[in-house]
Amino acid sequence: MKFSPSIWIPVLQKFYKSLEIPVVIYGSQIIYVNLGIAFESKDIDLLIYDVYPHTVFVNAYRKAFSEENIRIEVFVKNRETIYHLFTKYGVSIEIFAPPKEESPLTLFADEILFKERDGISYWTLSLEAYAVIQANRKEGKRDIDVSRFRLIKDQINWDKVITLGRKMNIERVKEFIKLVNSST
């Protein structure tokens, strides 16, 4: 199920402000923070540098929403720790802590930006780094990502995407760029 920006943006804003650790915007929320364009989303994605006790996120949620009961699942998938918070608003919050050598925060350290959106200051990845990440998804490229990037393609520095793409699989990046820039 996907949630409209009118649901997930307030959840992101309140939760992000309540966090007491460095957190970087991830997923399609990168487009929202960088450009102000918000799409429907199945969840809110965040990226962290290290693994933290789950209580860090439970306490942030309690502080943000004045709720005592919060359901959280913590699991490890392919060496990546994932915190999954279920909110009463339906939209969930997923916080990813990948191994440092595979983390976008390590691969694209120079692409972490400080941006303000709707009165909130966020750490976020650049749109160009996000394009490279989406091009290199383990599950393959998704049509939804291609269509989203088609909508913003004039606001992307594609030469920079190619340069950053060399940190991952450059052929996948070139294929992604071709798909985004095709007319279909």
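At what angle do helix 6 and helix 8 pack, and how far apart are their axes?

A: Happy to. Please keep in mind that this is a predicted model. Helix 6, residues 143-152, packs against helix 8, residues 170-181, at an angle of about 60 degrees, and their axes lie 8 Å apart. The crossing of helix 6 past helix 8 is right-handed. On the helix 6 side, the contact is made by Asp145, Val146, Phe149 and Arg150; helix 8 contributes Phe176, Leu179 and Val180. Sorted by type, the residues of this contact are five nonpolar and two charged, with no polar ones.

Seven strands make up an open sheet with mixed pairing, in the order 3-4-5-2-1-7-6. Its edges are strand 3 (71-77) and strand 6 (112-117), each of which pairs on one side only. From one strand to the next, the twist averages 35 degrees.

Helix 1 (residues 5-18) touches strand 1, strand 2, strand 4, strand 5 (92-97) and strand 7 (120-125), and its direction makes about 95 degrees with that of strand 7. Helix 3 (residues 55-65) touches strand 2, strand 3, strand 4 and strand 5, and its direction makes about 25 degrees with that of strand 4.

Let's stay with helix 3. Its buried residues are Phe57, Val58, Ala60, Tyr61, Ala64 and Phe65. These residues sit on the same side of helix 3 because they cover an arc of only 165 degrees around the axis. In general, an α-helix has 3.6 residues a turn, so residues three or four places apart point the same way. The buried residues of helix 3 pack against helix 1 as well as strand 2, strand 3, strand 4 and strand 5. Just after helix 3 comes Ser66, with a positive phi of about 50 degrees.

A last stop is Glu80, which is in strand 4 (residues 80-86). Leaving aside residues up to four places away in sequence, Glu80 touches Phe75, Phe96, Ala97, Pro98 and Pro99.

Key. Residues numbered from 1 in each chain as written. Predicted model: local features only at pLDDT ≥ 70, side-chain atom pairs only at ≥ 80, totals over all residues. Heavy atoms only, no water. Helix = DSSP H or I, 4+ residues; strand = E, 2+ residues; numbered from the N terminus. Contact = heavy atoms within 4.5 Å. Pairing = 2+ DSSP bridges. Axes fitted to C-alpha atoms, helices over the stretch in contact; angles between N-to-C directions. Left-handed = near helix turned anticlockwise from the far one by under 90°. Nonpolar A, V, L, I, M, F, W, Y, C, P; charged D, E, K, R; others polar. Buried < 20%, exposed > 50% of the residue type's maximum accessible area, 1.4 Å probe, protein only. Arc of directions from axis to C-beta.
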